[in-house]
Amino acid sequence: MIKIPIRNLFKTSFLVCFSLLAHFAQAQQIFSTNKYPITDFRQPLDITPPALAGSFGEIRGNHFHSGIDFRTNQREGYPVYAVADGYISRLRVQNSGFGLALYINHANGFTTVYGHLQRFSPKIATIVKDLEYEKKSFEIDEFPEATLIPVRKGEVIAWSGNRGSSGGPHLHFEIRDTKTEETINPQFFGINIPDNIPPVIHGLYAYRLNGKNFNESTPKQAIGISGAAGSYKAAAPVSLTGEVGFGIVVTDRHNGLSGTNGVYSIQLELDGKMIYTSALERFSFENSKAINSHIDYPTYINTKRSIQKSFVDPGNPLKIYSGLVNSGRINFNDGATHQLRYIITDSKGNASILPFTVNAGTASFAAPVIPAGLNFPYNKASEFNSDEIKVVIPQGTLYNDLNFVYKKLPKPAGNAFSAIHQIHNRFTPLHIGFNLWIKADALPESLRDKALIVSTGGSSQGGSFDNGYLKATPKNFGSFYIAVDTIAPRIVPTNITDGKSMAGLSKMTFKISDNLSGIKSFSGYIDGKWVLMEFDTKTATLWHSFDDRTASGKHTFELVVTDGKENVKRYAISFFR
Ligand SMILES: [Zn+2]
């Protein structure tokens, strides 16, 4: 393992952060001058030593991981502590996402977030349940006044769980700037995670850009590497001619029971001069989807391999980059030998080094040929119209100029009320959704309210009827047509039948699902009165926990589940308690 003295990282003048040497024992920041309090916060769990199942900024589908995931020994139910004095500033319950989550505002200007909780402390649980009954909704998102739920450092606020979009029991923990809501690497706040293991470098790639935008047809070449324990090397010098960008596959582990996590920083040097730095110190949620611009998105879609590019697309809004020279693009046309070096660090400053040699050619590359298709600039809104469709791409959607291609394919058999419209391709990442109108073909008036746009993969894009067209806002390009959803959701009771005695059972449980437009709402009623039904999207499980609102004796129960196209399923029985 090579532990780089911090000064080596600051060869170039734009990297000014020497005052942070004091933080080195905790974690090191690469290029910012932000100062964070390192003694205010305790650990949110008592599990020692703490181990992470996920690190800050780690690459996830369509987002950077916004916090750190503490391992909880594959179990739920560990007490979760307020990391400092403050007050509960947000109470959030969701079918997916964080499931059950608490936010605490602290006097130092930071907010801590605790997600995927199993249950809240009794005091908080009572407040949440009252709010849910008041709003007749399981999902809530409330911002209590500072005086309602003050908390002390070390107070148990909840128990750890696996609710929401969680892949196993753990605690998701974040520290945010209260004002901007930017989320910040908790390891910069003295949240100590034992770690003396340097990042692992799995792969190195060269992309032949030659003046063009990066896209799915950019030629990519793997460069063989070997090494371990912080020290890597290329198998042989590589010959490259023309404008090139590089990409790298890296992961990190912490000591003990660590998952495979993400690294903190990636830097690339050309002949001793830094030309690219990315560092996951903090980011804003509105920029998080630009991870699809940060990585080689077409390769990720095809193989799930996350190659982090070391050249930056012009429409990439992330503020994690610094000291870019020519956006990280390098011209190899001088016939000389060049020394390159990747320096990869984790949040504790453990570093891995990968030097490699490039023998540059001399041929200058030909000016790029503008391919057939429509040119959509990344920094402008664009529009495409035909007799049967309209596409509006708002400004801020594209990361690169796009050579837009459209194709009409025959109407599919079965449940279809339009041709298939191929809107460019699924390898182009989009920052926000685009607006799509598809003209309806032979759609009966009676089915207008049931119509929606689906992708040829079968997933609903939603949408509504608008003057002869269906309008939706897909998040990705692809192939789309109009279908209808006339089928109500399914309700499958798992532990209850008509007339059953539920005495001795703490809850009644159901599985609910929908064929196309998706579950929009659910409501349960005991003796005609609304009762709290809790839902977990990932397991499609819906349940009601009995409490003293339901006395012993005979009761009626009705469950109403509605999908996105207002198809309604009802389930009604009586039971004893
Ligand atoms: Zn997490």
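Tutor: What follows goes from the whole chain to its sheets, and then to some backbone details.

This is a predicted model, in which local features need pLDDT of at least 70 and side-chain atom pairs count only at pLDDT 80 or more, while totals for chains, interfaces and linings use all residues. Residues are numbered from 1 along each chain as its sequence is written. The protein chain has an average pLDDT of 92, and 93% of the residues score at least 70; pLDDT is the predictor's confidence in each residue, from 0 to 100. Over residues 1–26 pLDDT stays under 50, and for that stretch the model has 47 contacts beyond four places in sequence. Two residues are in contact if their C-beta atoms, placed from the backbone, lie within 7 Å.

The protein chain has three helices and 47 strands. Helices (H or I, at least four residues) and strands (E, at least two) are DSSP runs, numbered from the N terminus. The radius of gyration of the protein chain is 27 Å, close to the 25 Å that the globule rule gives for 577 residues, so the chain is as compact as a globular protein of that length. That radius is taken over C-alpha atoms, and the globule rule is 2.2 Å times the number of residues to the power 0.38. Along the principal axes, the C-alpha atoms of the protein chain fill a box of roughly 85 × 65 × 40 Å.

The division of the protein chain is into domain 1 (36–189), domain 2 (200–360), domain 3 (374–484) and domain 4 (490–576), with bounds from an automatic or database domain assignment. The centres of domain 1 and domain 4, taken over C-alpha atoms, are separated by 28 Å. Nine residues of domain 1 are in contact with eight residues of domain 4.

Now the sheets. Five strands form an open, antiparallel sheet in the order β30-β31-β35-β38-β37; two strands pair if DSSP finds at least two bridges between them. β30 (382–385) and β37 (464–466) stand at the edges with a single partner strand each, so one side of each has no neighbour in the sheet. From one strand to the next the twist averages 20°, where axes are lines fitted to C-alpha atoms, for helices over the stretch in contact, and angles run from 0 to 180 degrees between N-to-C directions. Within this sheet, strand β31 (residues 389–393) pairs with strand β35 (residues 435–439) in the antiparallel sense over four bridges. Val-392 has Asn-435 of β35 as its bridge partner.

A second open sheet has four strands in the order β40-β41-β45-β44, again with antiparallel pairing. Its edges are β40 (490–493) and β44 (534–536), each with a single partner strand, so one side of each is left without a neighbour in the sheet. Here the twist averages 25° from one strand to the next. β44 pairs with strand β45 (residues 541–545) in the antiparallel sense over three bridges, and Asp-536 has Thr-541 of β45 as its bridge partner.

Strand β17 (residues 225–228) and strand β18 (residues 231–234) also pair in the antiparallel sense, over four bridges. Ala-228 is bridged to Ser-231 in β18. β17 and β18 form a hairpin with two residues between them, and Ala-229 in the turn has a positive phi of about 50°.

Most residues other than glycine have a negative phi, and most peptide bonds are trans. Asn-73 has a positive phi, near 55°, and lies in the loop between β4 (68–71) and β5 (79–81). The peptide bond from Thr-48 to Pro-49 is cis, with omega near -10°; Pro-49 lies in the segment before β1 (52–54).
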